[in-house]
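Student: I'd like to learn how to read the packing and pairing features of a structure like this one. Can we go through it together?

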Amino acid sequence: MYEFTFLTPDRGAGFVKRLEAEGLSVRMARDPMAEEATTISIPDDISDELVDRIEGWYEEETQAAEAELFRDGRAEAAISAGVWVTLADGRSSFAPIEPSIMSRMLSVLSPDEVGEFVDRVAKAVEHPDDTPACARRED
């Protein structure tokens, strides 16, 4: 599944309309830990070309929401950043990160690389391994 997070009052309504217009099955869920966050999930068995278009739409939606917050003078209170951590049991949790730190991370790492890093940390926390680093084998 591909997942997209919205922290806007409309909960990504325009984005959902675009996805549904493509005939995609869309699932929306509010995060139980951060009620202002809505996760929109779609199947991952779609073409790379459609994934690229969808990522473009997501970027447009989030930039438009950010611009509106700045226009209304609500940006400082409303803009947040973070990563979704997927746990072994399938649950997800939003880990808030200071926007300036997230910006610095994304200036050197791709979103996929940040996601891989977070996944490895989550696995290490859920499945501790005290094997010395010099004796470990890569997965």
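Student: What is Phe15 in contact with, leaving aside its neighbours within four places in sequence?

Tutor: Contact means heavy atoms within 4.5 Å. By that rule, Phe15 touches Phe4, Phe6, Ile40, Ile54, Trp57, Tyr58 and Glu61, once neighbours within four places in sequence are left aside. Keep in mind that this is a predicted model, where local features need pLDDT of at least 70 and side-chain atom pairs count only at pLDDT 80 or more, while totals for chains, interfaces and linings use all residues. Residues are numbered from 1 along each chain as its sequence is written, and side-chain values use heavy atoms, with hydrogens and water left out.

Student: Is Phe15 buried or exposed?

Tutor: Buried means under 20% relative accessible area, exposed over 50%, and partly exposed in between (1.4 Å probe, protein chains only). Phe15 has 0% relative accessibility, so it counts as buried. Phe6 is buried too, whereas Tyr58, at 23%, is partly exposed.

Student: How do I read the aromatic pairs, and how many are there?

Tutor: Rings of Phe, Tyr and Trp (its six-membered ring) pair if their centres lie within 6.5 Å; planes under 30 degrees apart are stacked, over 60 edge-to-face, and the rest tilted. There are 5 such pairs here. Phe6 and Phe15 make a tilted one, with centres 5.3 Å apart and 50° between the planes. Phe15 also pairs edge-to-face with Tyr58, at 5.8 Å and 65°. Phe15 sits in helix α1 (residues 13–21) and Tyr58 in helix α2 (residues 48–72), so this pair ties together parts 43 residues apart in sequence. Helices (H or I, at least four residues) and strands (E, at least two) are DSSP runs numbered from the N terminus. Ring pairs join Phe4, Phe6, Phe15 and Tyr58 into a cluster.

Student: Which residues have the most contacts inside the largest nonpolar core?

Tutor: A nonpolar core is a set of buried Ala, Val, Leu, Ile, Met, Phe, Trp, Tyr and Cys residues joined through side-chain atoms within 4.5 Å. The largest has 13 residues, and Phe15, Leu19, Leu24, Ile42, Ile46 and Ile54 have the most contacts inside it. At least two residues each come from β1 (2–6), α1, β3 (38–42) and α2, with α2 giving the most, at 4 residues. Apart from this core lies another of 7 residues, including Ala81, Val83, Val114 and Ala122.

Student: And the charged side chains? How many salt bridges does the structure hold?

Tutor: Side chains of opposite charge can pair when their charged atoms come close. The cut-off for a salt bridge is a side-chain nitrogen of Lys or Arg within 4 Å of a carboxyl oxygen of Asp or Glu. The structure holds 5. In one of them, Arg18 meets Glu60 at 3.0 Å, N to O. Arg18 lies in helix α1 and Glu60 in helix α2, so that bridge ties together parts 42 residues apart. Arg18 is partly exposed at 31%, and Glu60 is likewise partly exposed, at 44%.

Student: Where do Arg53 and Glu22 lie?

Tutor: Arg53 is in helix α2, and Glu22 is in the loop between α1 and β2 (27–30), 31 residues apart. Their closest N and O atoms are 2.9 Å apart in a salt bridge. Another bridge joins Arg91 and Asp89 at 2.8 Å, N to O. Arg91 is exposed at 53%, and Asp89 is exposed at 51%. Bridges that share partners link Glu22, Glu49 and Arg53 into one network.
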